[in-house]
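Q: I have just opened this one and would like a short tour. Could we begin with the pockets?

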Amino acid sequence: MSESVPIGDLLNSLGVTYQQEDGALISDALVILKVIREDGAVSLRLGWSDGMSWIERIGMLRTAEHIELADLPDSQPTD
């Protein structure tokens, strides 16, 4: 049976970083994990901070999607 474990060390080993601004407070986190099982099956998993509501998680996912799409060269409007 699987169990919930902290993933800080895993994120560190994957090289995940964030450039924090002076005085900024990180209050919550949402982590999307790509998991490859022993049989080669690939799936996505989601982890989040204690106390986050479903609406906060959905809001963070949608906002991250918009930020990511805005950074793609093909998504920029052309005149």
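A: In the second largest pocket, E2 provides the largest share of the lining, four residues. Strands (E, at least two residues) and helices (H or I, at least four) are DSSP runs numbered from the N terminus. A pocket is an open set of points on a 1 Å grid over the protein atoms alone, where a 1.4 Å probe fits, with protein on both sides within 12 Å along at least five of seven lines; lining residues have an atom within 4 Å of a point.

Q: Before we go on, what kind of model is this?
A: It is a predicted model, in which local features need pLDDT of at least 70 and side-chain atom pairs count only at pLDDT 80 or more, while totals for chains, interfaces and linings use all residues. Residues are numbered from 1 along each chain as its sequence is written, and side-chain values use heavy atoms, with hydrogens and water left out.

Q: Which residues lie nearest the centre of the second largest pocket?
A: Val5, Ile7, Leu33, Gly47 and Trp48 do, out of 14 lining residues. By class, the lining has nine nonpolar, three polar and two charged residues. Here Ala, Val, Leu, Ile, Met, Phe, Trp, Tyr, Cys and Pro count as nonpolar, Asp, Glu, Lys and Arg as charged, and the others, Gly among them, as polar.

Q: And what volume has the largest pocket?
A: Its volume is about 780 Å³, taken as the space filled by probe spheres set on the points, which are joined across faces, edges and corners. Of its 19 lining residues, Tyr18, Asp28, Ala29, Leu30 and Met60 are the closest to the centre. Helix H2 gives the most to this lining, seven residues.

Q: Changing topic, in which sense do E1 and E2 pair?
A: They pair in the antiparallel sense over seven bridges; pairing requires that DSSP finds at least two bridges between two strands. The two strands form a hairpin with five residues between them, and glycine 40 in the turn has a positive phi of about 90°. Lysine 34 stands opposite leucine 44 in E2.

Q: Where is leucine 46, and why does it count as partly exposed?
A: Leucine 46 is in strand E2, residues 42–48. It counts as partly exposed because its relative accessibility is 37%; buried means under 20%, exposed over 50%, and partly exposed in between, with a 1.4 Å probe and protein chains only.

Q: What is leucine 46 in contact with?
A: Leaving aside neighbours within four places in sequence, leucine 46 is in contact (heavy atoms within 4.5 Å) with Leu30, Val31, Ile32 and Leu61.
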